[in-house]
Number of protein chains: 2
Amino acid sequence: MATEDDVLALDNQLCFALYAANRAVTARYRPLLKEIGLTYPQYLVMLVLWQADQDGKTVRVSDLGKRLRLDSGTLTPLLKRLADRDLVTRQRDTADERVVTISSTEKGNALRRQAREIPGRLLCGTGISEQRRVALRDELRSVLSLLETRGEPSGR
Amino acid sequence: MATEDDVLALDNQLCFALYAANRAVTARYRPLLKEIGLTYPQYLVMLVLWQADQDGKTVRVSDLGKRLRLDSGTLTPLLKRLADRDLVTRQRDTADERVVTISSTEKGNALRRQAREIPGRLLCGTGISEQRRVALRDELRSVLSLLETRGEPSGR
DNA sequence: CATAATTATATTGTGCACAATATATATAAC
DNA sequence: GTTATATATATTGTGCACAATATAATTATG
């Protein structure tokens, strides 16, 4: 028998499914990333830096922010921790002193080879097919795009 | 031209799509929840408590942990903040003194009526249909279930 | 019933997220 | 060129997440 408050039932909500699935995936990453000494957000930053290194592009803090949807309050301390471990360099631009350019070091690039094993190992043994993974990823990307382009939630 | 490191391309990864979509959804919740003075994790806790209240069930800290996949390190301070604001009560069980039972107060229940408006407002204006929302939710629930039942990531 | 093992919650410490604000530099308007 | 505005990063403070450990109470074992 449906009650008036079914709209508030936890299991009916997209948001909780998303929240729980996201944490389950990052929890699954955690032991794999620990092998190369990275947290999950640090791993995402290194993915961007590795790709930029490959493409011969430079990456500013604001580029990381746009790509990962993170602000300086998150990135600045995270990047300092990576710099403390010599995985990245932080260099203030001489032409425009507001800008800080981030690069992966040799040591940071050395992790890339090990990291390549990780995506394949992640869903291994879960019975989630590549087709299903790609379909879910694309649907999430599409939803993200709609959420980001369609302005504020209405109702006011 | 595909490179060797496409497996590490940010946009190819399910995990990043999940991470970004989750944060976009909670960001969309934020202003709505602010109207009733809750953070997103606090809202999830209240959803569980409201549902239990309706069903005449009692909720222990460990029940919240199982349902929301959160541990006491997250829940204890969160529940204290809710208790400080008289939205919940924390009562140590007299029969088994290890147990703490959490209940929504009158004041906490009063928020439920306002909260019922929120799910409907959330995706409003995004062009995401109810059918699509339900399909994505169910796929995420299915993936979560597989991640939680299929043991550790292999590769060792 | 004494002791070991288990269970339930709490505490501490680290690392995100994000709002709000600060600081410094650069560009635009006059 | 001086002032106003915008841009880029940093800082501070709050609230999760989660690992590791602690504490206390319960149950199981001998």
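**Close-up views of a predicted two-chain model**

**View 1. Helix H4 of chain B and its buried side.** In H4(B), the residues Leu75(B), Leu78(B), Leu79(B) and Leu82(B) are buried (buried means under 20% relative accessible area, exposed over 50% and partly exposed in between, with a 1.4 Å probe and protein chains only). Helices (H or I, at least four residues) and strands (E, at least two) are DSSP runs, numbered from the N terminus. The model is predicted: local features need pLDDT of at least 70, side-chain atom pairs count only at pLDDT 80 or more, and totals for chains, interfaces and linings use all residues. Residues are numbered from 1 along each chain as its sequence is written, chains are lettered from A and ligands numbered from 1 in the order in which they are written, and side-chain values use heavy atoms, with hydrogens and water left out.

View 2. At the N-terminal end, Asp71(B) caps H4(B), with a side-chain oxygen 3.0 Å from the backbone nitrogen of Gly73(B). Just after H4(B), Asp86(B) takes a positive phi of about 60°. Most residues other than glycine have a negative phi.

**View 3. The surroundings of Thr105(A).** Thr105(A) is placed in the loop between strand E3 (100-104) and helix H5 (106-115) of chain A. Thr105(A) is buried, with a relative accessible area of 16%. Its side chain reaches the backbone nitrogen of Gly108(A) at 3.0 Å. Leaving aside neighbours within four places in sequence, Thr105(A) is in contact (heavy atoms within 4.5 Å) with Asp86(A), Leu87(A), Val88(A) and Thr89(A).

**View 4. Two residues of chain A with positive phi.** Arg69(A), in the loop between helix H3 (61-68) and helix H4 (72-84) of chain A, has a positive phi near 60°. Arg69(A) is partly exposed, with a relative accessible area of 33%. Asp86(A) also has a positive phi, of about 60°, although it is not a glycine. Asp86(A) lies in the loop between H4 and strand E2 (88-92) of chain A and is partly exposed, with a relative accessible area of 47%.

Methods. Polar contact = N/O pair within 3.5 Å; in protein donor to acceptor, adjacent residues only side chain to side chain.
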